[in-house]
Amino acid sequence: MDMQPAQLEAIKKQLAGLKERSPFYAKKFEGIDLDAIQTQADFEKLPFSEKADLRDAYPLGLAAVPSEKITRIHSSSGTTGTPVIIPYTQKDVDDWAIQFARCYEYAGVTPQDRVQITPGYGLWTAGIGFQAGCERLGAMAVPMGPGNTDKQLKMMQDLESTVLCATSSYALLLAEEIEKRGIRDQIKLRKLIFGSERSGEKTRQRIREVLGCDMYDIYGLTEVYGPGIGISCDGGDYMHVWSDYIYVEIIDPETGEVLPDGEPGEIVLTTLCKEGAPLIRFRTHDLSRIIPEPCPCGHNEHPRIDIIKGRSDDMMKIHGVNVFPSQIEEIIAHFEDASSEFQIRLSHLDGRDTMRLYVEAVSGMVDFADLGRRIGAAVKSKIGFTPLVKVVELGVLPRSEKKTKRVFDERD
Ligand code: ZN
């Protein structure tokens, strides 16, 4: 994707004096003359930032403004101990709310709506972002936070909430509870806004079936404002990312090379006007791709990315093609005679990469050989190579309560 002229100007403005404002970037860009960055190609030579770099700056080493300018901090949950702390100026807080309000607008939310917010409030950026955007738009916020299903459903009925903000797993739980209690006709929900957690197509179908709402995917991460830097629209399942705030690149996670539009890879984000903690070429490890086709909604000033397909750590490379397990999962989800379980084994056979794909048939009535052929053909047409598909009986593939390991790379 070509950088828009305004984006290049914003980046140049941000880089000017950055090393003086920020000890973090003084170190990061040591020996690099930032004034010499004049084109997109120059920019693409700058080193990436990683979450680990941000963590090393704990607690406030990322700040690029004097302490009195910082009006809030947020923190991403550190699974490995030290969290990342992101300082925000008042302008950053306002900019985030502006972006989030735009998300609601793209989802067709209006000041008449009542927005039930179930993501958590606290150090992380979830609940408070949904809240600030909702208030900025002028809709009524119902700030529930997570959990307490009885109370959620009571408020949903009594306050006649029309919009639900939730993770897809919590939306599914609520949807199934609504179905179980037979109260769908007492629920006024018309829109559902998902957090950016990756959700399988089967989960979405199920939620759509029960609630019958329009569904929108919102994107963002704590390091870069929080959720709300982009959302899907009525023009399809892809997410627009706000080009006046964020510059998006897709890179090959192995080589770091910027990939052409349409090719899957890792999302790298640069903030264009963030003051408290600007981020330059931040590796998200989220997998997606830039959608080259224009959006039917007409907002082509904001480029679109695919919904998040997983983490770059899960990516496989086969015959030079990047593949993620979720692509296989999505293909299998379209076959009613296959279960949702699968296993991928990669090996090196006669000098060629080979993918063996194990899939379960839902019953013994299924023609195993035929199902295998149909899935193989679908993978070929969607991803570009033919795997060896082996259909097995239901229950043969291992299951686990946590994350099931699905990919085994047996190549040298
Ligand atoms: Zn659109």
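V362 is partly exposed, with a relative accessible area of 37%; partly exposed lies between buried, under 20% relative accessible area, and exposed, over 50% (1.4 Å probe, protein chains only). The structure is a predicted model, in which local features need pLDDT of at least 70, side-chain atom pairs count only at pLDDT 80 or more, and totals for chains, interfaces and linings use all residues. Residues are numbered from 1 along each chain as its sequence is written, and side-chain values use heavy atoms, with hydrogens and water left out.

The place of V362 is the loop between β18 and α12 (368-383). Helices (H or I, at least four residues) and strands (E, at least two) are DSSP runs, numbered from the N terminus. Apart from its neighbours within four places in sequence, V362 has contacts with E336, D337, A338, S339 and L394, where contact means heavy atoms within 4.5 Å. One of these residues, S339, is 23 residues from V362 in sequence, and the C-alpha atoms of the two are 5.4 Å apart in space.

The protein chain as a whole contains twelve helices and 20 strands. Its radius of gyration is 23 Å, close to the 22 Å that the globule rule gives for 412 residues, so the chain is as compact as a globular protein of that length. The radius of gyration is taken over C-alpha atoms, and the globule rule is 2.2 Å times the number of residues to the power 0.38. Along the principal axes, the C-alpha atoms fill a box of roughly 70 × 60 × 45 Å. Of the 412 residues, 53% are buried. Among contacts with a separation of 6 or more, 64% are between residues 24 or more positions apart. The chain exposes about 18400 Å², of which carbon and sulfur atoms supply 51%; accessible areas come from the Shrake-Rupley method with a 1.4 Å probe, and for residues only the protein chains shown count as cover.

Helix α11 (residues 325-333) is mostly covered, with seven of its nine residues buried. These buried residues are P325, S326, Q327, I328, I331, I332 and A333.

Several loops carry particular backbone features. The peptide bond from Y58 to P59 is cis, with omega near 0°, and P59 belongs to the loop between α5 (51-56) and β1 (70-76). R281, in the loop between β11 (265-271) and β12 (282-288), has a phi near 50°, a positive value in a residue other than glycine. R281 is buried, with a relative accessible area of 1%. D350, in the loop between β17 (338-349) and β18 (352-361), likewise has a positive phi near 50°. In contrast to the buried R281, D350 is exposed, with a relative accessible area of 78%.

Rolling a probe the size of a water molecule over the atoms shows where empty space is left. On a 1 Å grid over the protein atoms alone, a cavity is a set of points where a 1.4 Å probe fits but cannot get out, and lining residues have an atom within 4 Å of a point. Grid points are joined across faces, edges and corners, and a volume is the space filled by probe spheres set on the points. Three cavities of 30 Å³ or more are counted.

Notes. 1 Å grid on protein atoms, 1.4 Å probe; cavity = no way out; pocket = protein on both sides within 12 Å on 5 of 7 lines; lining within 4 Å.
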